[in-house]
Structures are given as structure tokens and as C-alpha cells.
Protein chains: 2
Amino acid sequence: MPELSTLTVKDIGSFFVGGIQARLSGREVREVHFAKDAPPLRVDPNGRYPSGHIYVQFVRLERPSGLPIVFLNGGTFTGAMWETTPDGRPGWQRLFLGRGHDTYLSDAVGRGRSGFSPFPEIFRTAPLFRPIEETSRLLRIGSFDEQERLSTYLNTQFPVSQFDAFVKQSVPRFAGSDELERDAFAELLSMVGPCIVIAQSSGGYLATELAARNVGTIAAIVTVEMTAFPYLGAAELQALTGVPQLILWGDHIANSQMWQTTRSASDRYAETVNRNGGNVTNLDLPSIGHFGNTHQMMMDLNNADIAALIGEWLDRRH
Amino acid sequence: MPELSTLTVKDIGSFFVGGIQARLSGREVREVHFAKDAPPLRVDPNGRYPSGHIYVQFVRLERPSGLPIVFLNGGTFTGAMWETTPDGRPGWQRLFLGRGHDTYLSDAVGRGRSGFSPFPEIFRTAPLFRPIEETSRLLRIGSFDEQERLSTYLNTQFPVSQFDAFVKQSVPRFAGSDELERDAFAELLSMVGPCIVIAQSSGGYLATELAARNVGTIAAIVTVEMTAFPYLGAAELQALTGVPQLILWGDHIANSQMWQTTRSASDRYAETVNRNGGNVTNLDLPSIGHFGNTHQMMMDLNNADIAALIGEWLDRRH
């Protein structure tokens, strides 16, 4: 691992943006014991609850040399996915700080430090939990056999020995908070000003929707394996024209029907935007000699190489 | 606000420690639409889930000048409570980094980026949600009238204008994960080595229990308004003898039966430990001229004064 230079940090901290307050009434009051040596606490659920806001953790450098980067997490993860890798190597947050960018790591609505609200009264659905077998399969890390042994691709770049540490990053997810989520991120982007967005999976859909609606001042979007593509009317196409997009794809896409379908949809998306004057690039990492990458390429063993590749693409844009 | 000097940071990142893997079986498989433009995802809840682990975010300085500080959050909050205040001033994380300490901010089990597990199968209880009216009252920030106006003490140090931003920090809580939580923090302490623990509320109970069981190498514990006190047998008293403790108390304790009871219990706790050779100090901030502090004193308007007071207490210990 290359030695990383120290960072001269002006400020580090966090804030919360977006959201509403919703009300519950007519619910039962209870007494709950939280700790065995503590007196019971009376819990009255009736009242107002904040909902639909997001947590944002920031690091601001003394002398940034590029635009700030806003990181958007994928479905069942939080901003922690961009921090250290499960095997303790620097994540993309650290690597892009090292390249001179301020960083903003968000937790999407209902995940991590963004909290969640009483359901089904305020959040419309119950949390959805994903077992590690499903996580492993969906992210193309590998599959478990009956003896609970994990089989991976021989060339996998995932730090497989730390799979059990990795799955601790996974959090439940709630469906159906699209509107509030978009509003919260719109507020974040207006606070940050001109920025680059680096997203994964469903985070890339959100980033593209924001750009398509002319929200904020997004200079470029880099998405790791975008899993959904927004509606493209004339206004959306016009807005997306000004936002270069790099969509990165890992290895072994062809072995999964779901990933093949998604990969094809991304080609159609790029063609449509580019035919209207846009600049969307789908980059298959194997086509340039990076083999074995998973959906979690920000923590794969070659994550520094891919960060460098993104950095060079960003440099060519500005 | 005093100008803060820049930080020379060697590393910033996060890791997860502790926890188990638990299994669910025999549950229904469903299809769920997460985003309106995405294909449905098949959700099979059967399988293994990580549970009872904790998220830890760290900042390591190039040249620390004191012991690292591990921060433990209170009941319905996460490590975010130690970061920036709701009105954008530096939190205790930033202030103690400025004093030369590496910082480790954890999210307790079931909260924030530590995630939560299917309930009631793995986590024994459903999440408990606390409305803002209850949060405000319990933390001695103020009370809401029928017109939803917040009345506070005239001398309150809470940044009341940012109350709505503050409550976004609140997260649901699950009862009954004491054992796993203690194990996870034991693993954290063994990784960090000799350290200071700064905790709030139920976090102080956890810190004291760890010290009482000789877990880790805790040089000192500072607790903001400790709400529960561990069992003290001969072994526990012996272990606590070597760990100086400062317990800080804010203003208006006498106006709340619950806080009065807790404050008295803390006196009895200190007397018992000190009679056996320990060094526990209950410090009422009003008694030394700091008035109007709430249970959230790490974000009160005079939070830098209180951080300095803690810093001086720590300096006198070493």
C-alpha cells in the first residue's frame, strides 16, 4: 500500500438537512426498561417526529485543490461504505481527500445516522432486511453453499477474508421515500455549491435525477454500477447535457441476468443522453484491464487504482 | 467563536467491531419496488444477519499530544452528537482534536451506522421512537405548549433556535442488547489501547460497567449526566479504584423528579466508590458558575467552556 501523505484539515464535522415533522396521536403510553440497572422510562409515542432528513459528515481541507465531492451511498449501506475498506485500507473518502477534494458523506433517508420514523404511520413501509447470502450474491461477491462456504470468482478483487466485517456495514432499508430524499439532497447541494457527485447503485439514480431537474450545481457525476435510470423528457435531457457522467462497471456482469439487464439499460440511457448532446460514458473495467471488480469496487483490492482512474477522468473534464 | 487551528491528520476512517451472526428461516419471499424507475427486487429474508456490532469513526492526528478519546453516545442518539452542534459550532470531537487527542466516535448497538436486525426474531424488541416533545422534556431543553411553542428556561444554554435541526439527530432505540453491546465495546477498547472515555447518559453506564469489569485500559471516564449505575461488588469496586471519573451535571436538576433521583443516585455511587479508594467527582456546573446547561451540554452554547474544563481535569490526572 502506498504511504498516504497527511491531510491539513480546516474543519471536520456534520450536519443534518431536509425533512419534515410528522405527527402521531392516540397511541398507547408504556414503561420500558432500557438498561437492567436503570429505572424504567415512560415512553409516550404521541407527538411530532422529524422524518425524511439526511445526515452529512464533512471534511474540509485547509487548501482544497479541486471541487468538493458529495458521496451518495447505495441501497442497503450508509456513508461508511466510502470510508475505510473492511480490511483496513483507505477508502475513496481518504483517497479523494488526498487528491485535494473536500468530502461530504451522506446517509440516505432512513439509513444509518439519518434515522427512521414510526412505520407504517410516517414511513410507509416496514424495514427490509437483506441476509448476507443475498448481499453476497447481488453484489457479485460470491455465493454460499449448503455448508456456508463462500465461493467467489477466482479473480475477485473483493477482500474476501473480511467478508464478515464487510456485512456489518449493511443496514435495513425502507421503500418509498423518494420525494423527501430528493428534497433533502437538493438542500445539501445548494449548501455545498458547485461539486462532483460520486455515487453507487441507487445513489446514482438519485444523483442523475437531481441533475436532470437542474437541482444544485453538479459539475460531474461518477456512478459505480447505476441500477435505475430516470425518465428523460426534453427538459431532463437538456439539463443532463451539461453534466458529464462516468458510469463504471465491474467484472462478471454477463453471469447475472439482473446485471446484464441493468448494463443494457445503461447503454440505452447513455445513447439517449448523448444523442441529445450529453456526455455519458459507460466504462467496463475489464475492457481496460481491470478484472474481478464487484459492485463494491470502492472497497475492492484495487480501489486505489479505480480512484486514480476517476481522478484522471475528472481532471480531463476541468 | 474563537478561531480553531487547522488539524494535521494522519488518517480518518471507520471500522466495525463486535457482533454475532444470527439466522432466520421459513420466511416469505417477496418482490419489492425500491425506486419508481427501477425493476422490482426479489427479497428473500431467509439467511444469516450480522447483529450486535458497532460502527466506529476515527480521526488520528499526525502528532497526538494526549491519550485517544473514545466517545459513547446517549440513548436515542449516535456518534453524530459529538460532532458539530446543531447551530454549526465545533462539537467536542473537533475541540478535543484541537487539544491533541485522536478521536473514536461510536454508534451504540442498534443505532445509526451500527444498523439493526430483524425483530423480534434477532433483536428482541421493536424500535422505540421518541417524539420531539418527550426529547425536549427529558433533556431539560424545555416544554411545548398546546400551540406547539417551546418554552425554555430563561438562562438556557441550548441553541434553541436550532431545536428543529437538533431533533434530526435523534434515532430509534432497541431495548435489551446489553451483553452484545458490552462485548463490542470491549473489542473496541482492546483495539484502541489506553484511552479516555467521554460518554453521555446511558453511555456512561456502559463505560463504567466496562471499567468495573477490567475491560480495556481506561485511564479516565468523563460522563455527562450518568443515568444508571452498575452493580458494585468487591471485584467491581476494586477495578473502579484505578479509574478516575468526572460526572458533570447541568442546571435545573431540582425541577425534575427523575433528574433529582438520578442525581442522588450518583452521589451514592460516588460515595461507595470513593469509600473504597476510588476517585469519582460529581460536578454540578452551576456550583462553579456555569448556569443553564442541559443534558446536551456537548452542544450547548458554552460547550467550548465545558470542554476546556474537562481538558483541565484530564491534564491534572496525568
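Predicted model: local features only at pLDDT ≥ 70, side-chain atom pairs only at ≥ 80, totals over all residues.
Chain A has an accessible surface of about 11,900 Å², and 49% of that area belongs to carbon and sulfur atoms. Accessible areas here come from the Shrake-Rupley method with a 1.4 Å probe, and for residues only the protein chains shown count as cover. Residues are numbered from 1 along each chain as its sequence is written, chains are lettered from A and ligands numbered from 1 in the order in which they are written, and side-chain values use heavy atoms, leaving out hydrogens and water.

Let us begin with chain A as a whole. Its secondary structure comes to eight helices and 12 strands; helices (H or I, at least four residues) and strands (E, at least two) are DSSP runs, numbered from the N terminus. Chain A is as compact as a globular protein of its length, because its radius of gyration is 20 Å, close to the 20 Å that the globule rule gives for 318 residues. The radius is taken over C-alpha atoms, and the rule is 2.2 Å times the number of residues to the power 0.38. Taken along the principal axes, the C-alpha atoms of chain A fill a box of roughly 60 × 50 × 45 Å.

How much of this chain is buried? Of the 318 residues of chain A, 63% count as buried. Buried means under 20% relative accessible area, exposed means over 50%, and partly exposed lies in between (1.4 Å probe, protein chains only). A contact means heavy atoms within 4.5 Å. As for charge, chain A has 28 positive and 34 negative charges, and their mean positions are 4 Å apart. Lys and Arg count as positive and Asp and Glu as negative, with His and the chain ends not counted; each charge is placed at NZ of Lys, CZ of Arg, CG of Asp or CD of Glu.

Ala211(A) lies in helix H5 (residues 202-212), and it is buried, with a relative accessible area of 6%. Ala211(A) touches Ile218(A), Ile221(A), Ala239(A), Leu240(A) and Val243(A), not counting residues up to four places away in sequence.

Two loop residues of chain A have a backbone angle worth a look. Glu225(A), in the loop between strand S10 (218-224) and helix H6 (234-240), has a phi near 50 degrees, a positive value in a residue other than glycine. Glu225(A) counts as buried, at 0% relative accessibility. His252(A), in the loop between strand S11 (245-249) and helix H7 (257-275), has a positive phi of about 65 degrees although it is not a glycine. His252(A) is buried as well, with a relative accessible area of 17%.

Where does a cis peptide bond turn up in chain A? One joins Phe119(A) and Pro120(A), with omega about 5 degrees, and Pro120(A) sits in the loop between strand S6 (103-107) and helix H2 (132-138). In chain B, the bond from Phe119(B) to Pro120(B) is cis, with omega near 5 degrees.

Staying with chain B, we come to Leu67(B), in the loop between strand S4 (47-61) and strand S5 (69-72). Leu67(B) is partly exposed, with a relative accessible area of 27%. Leu67(B) and Pro194(B) are 127 residues apart in sequence, yet 6.9 Å apart in space, C-alpha to C-alpha. Leaving aside neighbours within four places in sequence, the contacts of Leu67(B) include His101(B), Pro194(B) and Cys195(B). Cys195(B) counts as buried at 0% relative accessibility, and so does Cys195(A), at 0%. With a disulfide taken as a pair of cysteine sulfur atoms within 2.5 Å, the count over all chains comes to zero.

Our last stop is the loop between strand S12 (280-284) and helix H8 (303-317) of chain B, where Thr294(B) lies. Thr294(B) counts as buried, at 0% relative accessibility. Beyond its neighbours within four places in sequence, Thr294(B) is in contact with residues including Leu139(B), Thr156(B), Glu225(B) and Asp300(B). His290(B) has its place in the loop between S12 and H8 of chain B, and it is buried, with a relative accessible area of 18%. Not counting residues up to four places away in sequence, His290(B) touches Leu285(B), Asn302(B), Asp305(B) and Leu309(B).
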